[in-house]
2 protein chains.
Amino acid sequence: MKELTKAEEQIMQIVWANEKMFIKDIVEQMPDPKPAYNTVGTFIKLLEGKGFVTREKVGNTFVYSAAVKKKAYTKNFINGFLSSHFEGSAEKLFSFMVQEKKLSVDQVEDLMKKLKDNE
Amino acid sequence: MKELTKAEEQIMQIVWANEKMFIKDIVEQMPDPKPAYNTVGTFIKLLEGKGFVTREKVGNTFVYSAAVKKKAYTKNFINGFLSSHFEGSAEKLFSFMVQEKKLSVDQVEDLMKKLKDNE
DNA sequence: GGATAACTCCTAATTTTTTAGGAGAAAAAT
DNA sequence: ATTTTTCTCCTAAAAAATTAGGAGTTATCC
């Protein structure tokens with residue numbers, strides 16, 4: 001899977017959150033200062049080229065949707081993140097987060113219960 | 001804390017792994033194709049500007065060391081990662097990793113035991 | 001039905017990141 | 001002691017990422 005730059009990813013997050021989007025709608029959902037219409041258009045074209053979005057005509061305007069699932073991308077992203085920062089080890093990341101108080105022992109135990117129930 | 005670009009971070013990882021480094025030593029530890037001496041020099045200068053390394057003269061040559069701890073940087077990095085991909089929630093990342101089989105229930109239980117022992 | 005607005009496609013300016021060359025000083029080598 | 005190597009500092013070319021303008025087309029609005 002191709003990598004996304006920060007700006008591309010920002011657009012993509014909006015597409016993922018919204019099913020079908022016109023360029024116009026994406027611009028609207030961007031945080032201020034909102035970029036020009038054509039700026040978003042350029043990124044959407046780049047995303048199309050990378051296979052992340054597809055388009056179809058609705059009336060006389062293109063509407064865009066995600067062609068790669070957010071989960072698939074996130075998984076890929078985490079793999080890269082793990083390998084560059086935690087020697088590829090999810091355990092190391094996990095331990096780090098507990099030690100650095102991003103996650104408490106109690107939280108983990110609660111979550112484990114819930115996750116086991118869903119098995 | 002300032003952000004690092006990919007190339008800057010790559011240099012920084014080498015500095016973190018080695019206490020005190022001459023430019024020459026950093027070049028040696030770079031993966032092939034090794035960059036030019038001056039390329040590494042430029043990045044070190046950028047890192048100095050961002051406050052990530054300090055230098056001191058040894059003989060007539062500068063030697064560089066990390067001025068920001070790797071842990072501090074990683075923590076910061078994870079915060080950014082969490083907020084852009086998991087709404088800032090470490091729990092969500094944790095659940096995601098278990099669900100996506102990056103971490104198994106057994107692994108987590110083992111790790112929890114070890115972490116509790118170290119408390 | 002001419003002006004105004006919306007969209008597409010192409011192109012390019014700007015900014016950021018990455019890479020490295022050149023000049024000069026200092027040290028080492030033969 | 002002059003050639004060769006090494007390091008520093010300054011500068012800038014090359015590549016990648018970000019931003020957006022302009023021309024043409026079609027739709028919309030008085």
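**Chatting about DNA strand C and the two chains**

Reader: Hi! Which residues are closest to DNA strand C, and how many surround it in all?
Author: Hello! This is a predicted model. In it, 19 residues surround DNA strand C, and the closest are Phe62(A), Thr5(B), Ala7(B), Pro35(B) and Asn38(B).

Reader: Nice. Which elements give two or more residues to that surface?
Author: From chain A they are helix 2 (23-29), helix 3 (37-49) and strand 2 (61-66), and from chain B helix 1 (6-16) and helix 3 (37-49).

Reader: And which one gives the most?
Author: That's helix 3 of chain B, with four residues.

Reader: Switching topic: how do strand 1 and strand 2 of chain B run, parallel or antiparallel?
Author: Antiparallel, with six bridges joining strand 1 (residues 53-58) to strand 2 (residues 61-66). Within this pairing, Lys57(B) sits opposite Phe62(B) of strand 2.

Reader: What about the turn of that hairpin, how many residues are between the strands?
Author: Two residues, and Gly59(B) takes a positive phi near 65° in this hairpin.

Reader: Last one, the protein-protein side. How many residues of chain A are in contact with chain B?
Author: 23 residues of chain A, in contact with 22 residues of chain B. On the chain A side, the elements giving two or more residues are helix 4 (70-85), helix 5 (90-99) and helix 6 (105-117).

Reader: And the classes on that side of chain A?
Author: There are 14 nonpolar residues, five charged and four polar.

Methods: Residues are numbered from 1 along each chain as its sequence is written. Chains are lettered from A and ligands numbered from 1 in the order in which they are written. This is a predicted model: local features need pLDDT of at least 70, side-chain atom pairs count only at pLDDT 80 or more; totals for chains, interfaces and linings use all residues. Two strands pair if DSSP finds at least two bridges between them. A residue is near a molecule or strand if its C-beta atom, placed from the backbone, lies within 6 Å of it. Two residues are in contact if their C-beta atoms, placed from the backbone, lie within 7 Å. Ala, Val, Leu, Ile, Met, Phe, Trp, Tyr, Cys and Pro count as nonpolar, Asp, Glu, Lys and Arg as charged, and the others, Gly among them, as polar.
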